[in-house]
Amino acid sequence: MDMSAIAARLGLSGSRPVVRKAAELRRLCDINFDSSVLGIGEVCKAIICLEIAATKFQVIFDRAEAVKMSGMSDKAYIRSFNALQNGLGVKTTLDVRELGIQFGCVRLIPFVQRGLALYKERFLAALPPSRRSSTDFGRPVFTAAAFYLCAKRHKLKVDKLKLIDLCGTSSSEFTTVSTSMADLCFDVFGIAKEKKDPTTIKGNRELLDVLPSKRKHEDDSDNSDESSGDDQDELDLPTHKRHKKMEKEAYNQWKSSVISTNKETKPDPTKPRKQAQLNFKKKLSDAALEVPPAAN
């Protein structure tokens with residue numbers, strides 16, 4: 001299939017430099033190595049060359065449509081893309097400053113650069129020495145993930161799908177790198193989602209003051225440390241757990257009272273039982289009301 005026809009189906013027919021660069025990369029593939037050995041067909045090779053050229057010229061590339069058109073799975077396409085890119089010796093780069101200008105988040109540039117340097121240092125420290133030399137942090141997915149996490153931390157809206165398209169990766173790989181960065185560099189990329197203690201919130205102090213357990217805790221402050229510790233533990237419980245504990249105590253109290261009442265009213269098994277007498281005699285009033293049978 002012609003390169004122009006493939007570019008037209010991917011929406012790149014208006015970008016003539018991209019099409020010319022993709023054709024040049026395709027000729028280099030044919031000269032340098034046999035792509036069929038890598039399991040890459042001619043159509044897939046043309047699509048990957050178009051994606052590399054589009055990334056080089058900072059043109060949005062529809063990877064989902066490209067994967068569908070290539071007839072490969074998402075993972076197989078990414079594997080073929082990396083193999084072809086390494087065979088050509090072409091490395092796509094993504095500049096933090098260009099991202100900041102493109103998305104209107106220029107103030108994030110120093111935070112992203114600091115986060116990337118810190119992530120690289122901590123990631124290499126966790127690896128064995130034999131694998132440190134083969135680690136490549138120059139891939140665009142690291143820059144895009146760091147930029148996205150910094151924007152999320154500073155509550156700035158950034159188009160995640162556009163970032164994924166710009167760095168030329170899949171959504172799963174982008175999520176994996178983002179999770180790794182957030183775990184290793186939580187102080188730079190993480191977002192705190194801790195549940196606040198109700199006693200530390202000023203607006204809830206008045207509500208806590210009217211609780212019976214709170215008043216009891218204040219009145220019995222001169223008691224032993226053990227009782228004050230129990231009251232404090234009861235006060236720190238959430239509302240639903242406190243109600244559940246009160247209901248359980250009320251049920252146990254009712255159960256103990258029922259058991260004690262049954263023990264008090266239980267008859268003595270040693271005493272002989274009296275059998276009730278049954279009286280089937282007719283009452284006088286009933287006998288008088290009976291009508292004698294008619295004579296034949």
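Q: Why is Lys 155 called exposed?
A: The term exposed applies over 50% relative accessible area, buried applies under 20%, and partly exposed covers what lies in between (1.4 Å probe, protein chains only). Lys 155 has a relative accessibility of 77%, and therefore counts as exposed. Lys 155 lies in the loop between H9 and H10, where helices (H or I, at least four residues) and strands (E, at least two) are DSSP runs, numbered from the N terminus. This is a predicted model, in which local features need pLDDT of at least 70 and side-chain atom pairs count only at pLDDT 80 or more, while totals for chains, interfaces and linings use all residues. Residues are numbered from 1 along each chain as its sequence is written, and side-chain values use heavy atoms, with hydrogens and water left out.

Q: What makes the phi of Lys 155 worth noting?
A: Most residues other than glycine have a negative phi. Lys 155 is a residue other than glycine, yet its phi is positive, near 60°. A positive phi, near 70°, also belongs to Gly 104, the residue that follows H6.

Q: Why is the pair Glu 24 and Lys 21 called a salt bridge?
A: A salt bridge requires a side-chain nitrogen of Lys or Arg within 4 Å of a carboxyl oxygen of Asp or Glu. The N to O distance between the side chains of Glu 24 and Lys 21 is 4.0 Å, and the pair is counted as a salt bridge. The two residues are three apart in helix H2 (residues 16–32), which means that about one helical turn separates them. Glu 24, at 36% relative accessibility, is partly exposed, and Lys 21, with 21%, also falls in the partly exposed class. By this rule, the count of salt bridges comes to eight.

Q: How do you know that Lys 45 forms a salt bridge with Asp 30, and which parts of the chain does the pair tie together?
A: The closest N and O atoms of Lys 45 and Asp 30 are 2.5 Å apart, and the pair forms a salt bridge. Because Lys 45 lies in helix H3 (residues 42–56) and Asp 30 in helix H2, the pair ties together parts that are 15 residues apart in sequence. Lys 45 has 1% relative accessibility and is therefore buried, whereas Asp 30, with a relative accessible area of 47%, is partly exposed.

Q: What makes Lys 45 part of a network?
A: Lys 45 also forms a salt bridge with Glu 42, with the closest N and O atoms 3.3 Å apart. Glu 42 and Lys 45 both lie in helix H3, three residues apart, about one turn of the helix. Glu 42 itself is partly exposed, at 43% relative accessibility. Salt bridges link Arg 26, Asp 30, Glu 42 and Lys 45 in a network.

Q: How do you know where the buried residues of H6 fall around the helix?
A: In helix H6 (residues 96–103), the buried residues are Val 96, Leu 99, Gly 100 and Phe 103. Seen down the axis of H6, these residues fall within an arc of 100° (taken from the directions from the helix axis to the C-beta atoms), so they line one face of the helix. The face turned away from this buried side carries the exposed residues Arg 97 and Ile 101. The buried residues of H6 pack against helix H7 (109–126), H9 and helix H10 (160–167), where contact means heavy atoms within 4.5 Å.

Q: What makes up the secondary structure of the chain, and how much of the chain is buried?
A: The secondary structure comes to 17 helices and zero strands. Of the 296 residues of the chain, 31% count as buried. Among contacts between residues at least 6 apart in sequence, 67% join residues at least 24 apart.
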